[in-house]
Amino acid sequence: MKEISISTEFIKLDQFLKYVGIAETGGHSKEIIKNGEVKVNGEVALERGKKIRVGDIVEVSGEEAYTVK
């Protein structure tokens, strides 16, 4: 599991996917999220504006996992 640091209170899920390099554009982020490929803390996240905070775990396609610190 990779640790990702953020310097703000939260980051939106679509921005997070771009930040870690999974999505190249906002449209790509939207597609990944819409297809149900992203889980936050074990639950499928379908909102691209979902707030990701310190302590959250983000999984993509069941392969890559990130913990936010």
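What is the strand order of the open sheet of 5 strands?

## The sheet

The order is β1-β7-β6-β3-β4, and the pairing is mixed. Strands here are DSSP runs of E of at least two residues and helices are runs of H or I of at least four, numbered from the N terminus; two strands pair if DSSP finds at least two bridges between them. β1 (2-4) and β4 (43-44) are the edge strands with a single partner each, so one side of each has no neighbour in the sheet.

This is a predicted model, in which local features need pLDDT of at least 70 and side-chain atom pairs count only at pLDDT 80 or more, while totals for chains, interfaces and linings use all residues. Residues are numbered from 1 along each chain as its sequence is written, and side-chain values use heavy atoms, leaving out hydrogens and water.

## Strand by strand

Let's walk across from β1. β1 pairs with β7 (residues 64-68) in the parallel sense over 3 bridges, and Ile-4 has Val-68 as its bridge partner in β7. Next, β6 (residues 57-60) and β7 run antiparallel, joined by 4 bridges; Val-58 is partnered by Tyr-66 of β7. These two strands form a hairpin with 3 residues between them, and Ser-61 in the turn has a positive phi of about 55 degrees.

Lys-39 stands opposite Val-44 in β4.

## The whole chain

The protein has 2 helices and 7 strands, arranged along the sequence as β-β-α-α-β-β-β-β-β. Its C-alpha atoms fill a box of roughly 25 × 20 × 20 Å along the principal axes. Buried residues (under 20% relative accessible area, 1.4 Å probe, protein chains only) make up 33% of the 69 residues.

Terms used:
Buried means under 20% relative accessible area, exposed over 50%, partly exposed in between (1.4 Å probe, protein chains only).
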